[in-house]
Amino acid sequence: MAIEQTLSIIKPDAVAKNLIGEIYSRFEKNQLHIIATKMLRLTREQAEEFYAVHAGRSFYSKLTNFMSSGPIIVQVLEGEDAISRHRAIMGATCPKDAAPGTIRRDLAFDPSNPECHDNAVHGSDSTENAQKEIDFFFRPDEIFPRTG
């Protein structure tokens, strides 16, 4: 198995609910090392740039409004098959569709809120996107690899 790095974001809903420690614990219990982290608040323009791949889709405006609505925590995770491992820990994009035991099902599911963008976390979906997303938030001297 390959050692990979992936970008992870704890979204404004999870930060507001004070779930940072619970989410970090799930990463660490699954052998994902946090090798860079910071809290920030995206401007609307930064959110639009980060999620530009979704521009023109029906949820784009709601997503970028949401992602700029409060502070987020961004981190780089490292470990064996970090991208797929992180995505499995997160669960399906829409919390109501996520499996029990995943972050999105356990920490973001709200039957009264069908909006899937309030889903606690974001994670890179490929090696190429992971590198682009990491570069969006972190300089190389802010990342401290601990494995491999």
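**Close-up views of the predicted model**

View 1. Four strands, in the order β2-β3-β1-β4, make up an open sheet with antiparallel pairing. Because β2 (33-40) and β4 are the edge strands, each with a single partner strand, one side of each has no neighbour in the sheet. On average, neighbouring strands of this sheet are turned by 20° against each other, direction ignored. Axes here are lines fitted to C-alpha atoms, for helices over the stretch in contact, and angles between N-to-C directions run from 0 to 180 degrees. Strands (E, at least two residues) and helices (H or I, at least four) are DSSP runs numbered from the N terminus, and two strands count as paired if DSSP finds at least two bridges between them. The structure is a predicted model, in which local features need pLDDT of at least 70 and side-chain atom pairs count only at pLDDT 80 or more, whereas totals for chains, interfaces and linings use all residues. Residues are numbered from 1 along each chain as its sequence is written, and side-chain values use heavy atoms, with hydrogens and water left out.

**View 2. Strand β1 and its two partners.** Strand β1 (residues 3-10) is mostly covered, with 6 of its 8 residues buried. Buried denotes under 20% relative accessible area, exposed over 50%, and partly exposed the range in between (1.4 Å probe, protein chains only). To strand β3 (residues 72-80), β1 is joined by 8 bridges in an antiparallel arrangement. Within this pairing, S8 stands opposite Q75, and E4 has G79 as its bridge partner. With strand β4 (residues 121-123), β1 pairs over 3 bridges, again in the antiparallel sense. Here I9 stands opposite H122.

View 3. Of the 9 residues of β3, 8 are buried, so the strand is mostly covered by the definition of burial. Antiparallel β2 and β3 are joined by 7 bridges. A36 stands opposite V76 in β3. Helix α2 (residues 20-29) packs on the sheet and touches β1, β2, β3 and β4, its direction making about 10° with that of β3. Contact means heavy atoms within 4.5 Å.

**View 4. The surroundings of G70.** G70 lies in the loop between α4 (60-67) and β3. With 6% relative accessibility, G70 counts as buried. Leaving aside residues up to four places away in sequence, G70 touches P12, L40 and R41. G70 and L40 are 30 residues apart along the chain, and their C-alpha atoms are separated by 8.5 Å.

View 5. N18 has a positive phi of about 60° although it is not a glycine. N18 is found in the loop between α1 (12-16) and α2, where it is exposed, with a relative accessible area of 64%. A120, likewise not a glycine, has a positive phi of about 75°. A120 lies in the loop between α6 (103-108) and β4 and is buried, with a relative accessible area of 1%.

**View 6. The largest pocket and its lining.** The largest pocket has a volume of about 630 Å³. Of the 24 residues that line this pocket, Y51, V53, H54, H122 and E133 are the closest to its centre. At least two lining residues come from each of α3 (44-50), α5 (82-90), β4 and α7 (127-137); α7 gives the most, with 4 residues. By class, the lining comprises 9 nonpolar, 8 polar and 7 charged residues. Ala, Val, Leu, Ile, Met, Phe, Trp, Tyr, Cys and Pro count as nonpolar, Asp, Glu, Lys and Arg as charged, and the others, Gly among them, as polar. On a 1 Å grid over the protein atoms alone, a pocket is an open set of points where a 1.4 Å probe fits, with protein on both sides within 12 Å along at least five of seven lines; lining residues have an atom within 4 Å of a point. Grid points are joined across faces, edges and corners, and the volume is the space filled by probe spheres set on the points.

**View 7. P140 after the helix α7.** P140 is found in the segment after α7. At 73% relative accessibility, P140 counts as exposed. The C-alpha atoms of P140 and A36 are separated by 9.8 Å, with the two residues 104 residues apart along the chain.
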